[in-house]
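Visitor: Could you guide me through this structure, one question at a time?

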Amino acid sequence: MNALFAKTFAFLDTEPYRLVIWVVAIVSFVALNAAYLVWVERKGAARFQRRPGPTEVGPAGLLQPVADGLKLMSKQLIVPAGADSMLFRAAPLLVMAPVLMSLAVVPFGRGVTALDLNASLLIVFALGPINLMVVMVGGWASRNKYAVMSAARVVSQNVAYEIPMLLVVTTMAMVTGTLDLNQIVQQQSGGFWHWNLFRVWVNPLMPVTFLIFYICMLAETNRAPFDLAEAESELVAGAYTEYGEMGFGVFFMAEYANIVLGCSLATVLFLGGWQSPFGVMPGLVWFLVKLYFLIFSVVWIRWTFPRTQFYGLLNLSWKILIPLSLFTLILSAGMIKILRALS
Amino acid sequence: MIVSEPISSSVAGSAPHETFVLNLGPQHPATHGVLRVKMTMDGEYVLRAEPVCGYIHRMQEKMGENRTYAQYLPNTGRIDYLAAMNYTHGFVGAVERASRIQVPPRAEYIRVITSELGRISSHLVWWGAFLLDLGGFTPLLYAFDDREKILDLLEGITGARLTYCYYRFGGLCNDVDESFLTGARQFVAQMRPRLKMYRALVTENVILRKRLIGIGPISPELCRKYGATGPVIRASGVPYDVRKAEPYSVYNEFHFDIPTFSEGDSMARYLVRMEEMAQSLRIIEQALDKLPGGPVMAEKVPRVLKLPAGDYCYAVEAARGRFMVRLVSDGKEVAYRVKLRTPCLSNLSLFEEASHGMLLADALAMLGSLDLVIPDIDR
């Protein structure tokens, strides 16, 4: 039966079909996540604030994202006078693209990868920062003072946090010896003590490295306490001030899509990807469990901490995170050398 | 990070210094109302912040001059809608002083209890809204949870939840009942651990401390120059509190401290208010213990009140500072002149000078720490 099944559907593994299936799968995964993470965030926020959250639309408010989407789509699209209308319209279109492309190389499970590249880590970090550039373009094109200030913030925040993040990723590439996300996951098989997070014999500061990665991820995805680009008590809605209708909705969804991507990478690089923590039954489920745990922690942080100042954010990066991540990089380089010499 | 001149960089030294005007408000999430601040910015630095008032001007003073004292009484609760009790206290105090009405002690004690409850609820709103300004959303809901208990208590005796008109010339509208007294005791018992929790969860949060310590220092001289009062001047180290400086009602019968901090920064203003809530609880507790019996309304208050000709002042310590009512009477049943000295206008006036050269985010943190209620500025 299985053989027959495999034979009948073998064509699905051939190129055009495979491509179509993966495009549909990733787009729907991102769209569903983006829509329902809004619900998770609203429910989560409500619980942290001791209130019920959305309850009206559907059971437990589960249809709230649909209602939100319909509302946003029914709004009039306004391009403000004086705005660069082409860039203004293009920004929401562009903002989702890098996330979707990056997710193509993320290994969700054994063999569950759209594109098995041997430089997949590189691809993700080549595409990732484009997202923030698009936010900058959107802010700039709005010709709104708040939006322009926010765009300027986005750029310096991006520069400040890209560096420690890439240093951390370089450390991971050295520790694992590969840029292939699939191989990185495979190296971490057999119990949680094999996860990169606990590979302290190569890099004694591995938990700190994870923490740096996590903080940088929060900053890169513009999440509280680093949501300076859309700090509503200062810049109203930052780069999104002039956006209404689904244009705003897409920016909003892109934020969640980026959180999914960032948490996926954290899972793959540090928490063993789809490997099971007990060495049994590795698979997609474990990946999702870890992914959503990280996403929950992101929501948790947002509703717990106040926002930092902008110079506080830059100080944290330039004075603490960059020296620390450089130190862990050099430390693990030294440790690798020593371990090589010993063996 | 304070600059007084436009920032010059050696690289772009020849480039002209470009400043731009940022219109903060009247619709802006950080101004909590219709305050408009015209900011001249150099990048993210504030060079000049000019508050533009008048968006919610309701001619409160003029209204006081063309209606009788009793007709004007409900208006006073709408000047600073968050501290309505204190404001009606100021007005009835002025009228009582002018017409020499003796208020029975029970009424005075209940006035103190309700005014202090009002002060706590006002500070709780400030606390939630201030943290909202700083990007912390959750404390607001906790603050409103506590405030809800105060509102329920006051609703039980006054019938209103926000703009109370409970005080009358010569006493109170009605006596408090047993459920209010037990409820107030319960609230005091509940609120103390809550304040402790807020200290642990919010006041000692490292991000909050970084955002407030050293931000927007206001010197005592600046306070004097602009007439700032209330928590703002107490955070600058001046122990000025109307309840101690010119005791009104029965405040001199209670033991309480005036919290002062010498730093004058936003953190000091934050801590003053947090400490004031604890002190208000102390006052409420003592007043509940000492609450005398007897009537709550003076005898022989004339139905149509005509103040003897003269000039009368009465000041109270409202939640945001010194609120003073000045009545000039020419012997008729309508005041000749009503002057309301509200704390928020003075507290806002120093913002222009104090915010000079600050970063936008810090300036807004300071604006939040001044605890402005916009109808109180414009009145």
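Visitor: How far apart are the end C-alpha atoms of helix α4 (residues 105–133) of chain B, and what span should its 29 residues have?

Guide: This is a predicted model, in which local features need pLDDT of at least 70, side-chain atom pairs count only at pLDDT 80 or more, and totals for chains, interfaces and linings use all residues. Residues are numbered from 1 along each chain as its sequence is written, while chains are lettered from A and ligands numbered from 1 in the order in which they are written. Helices are DSSP runs of H or I with at least four residues, numbered from the N terminus, and the expected span is 1.5 Å times one less than the number of residues. The helix α4 of chain B should therefore span 42 Å, which agrees with the distance between its end C-alpha atoms, 42 Å.

Visitor: How many residues of α4(B) are buried?

Guide: A residue is buried if 20 or more other C-beta atoms, placed from the backbone, lie within 10 Å of its own. By that rule α4(B) is mostly covered, and of its 29 residues the buried ones number 26.

Visitor: Is A:Leu235 buried or exposed?

Guide: A:Leu235 is found in helix α10 of chain A. Because A:Leu235 has 30 C-beta neighbours inside 10 Å, it counts as buried.

Visitor: Which residues is A:Leu235 in contact with, leaving aside its neighbours within four places in sequence?

Guide: Two residues are in contact if their C-beta atoms, placed from the backbone, lie within 7 Å. With those sequence neighbours left aside, the contacts of A:Leu235 are A:Tyr146, A:Met149, A:Ser150 and A:Glu230.

Definitions and conventions
Helix = DSSP H or I, 4+ residues; strand = E, 2+ residues; numbered from the N terminus. Buried ≥ 20, exposed ≤ 12 C-beta atoms within 10 Å, placed from the backbone.
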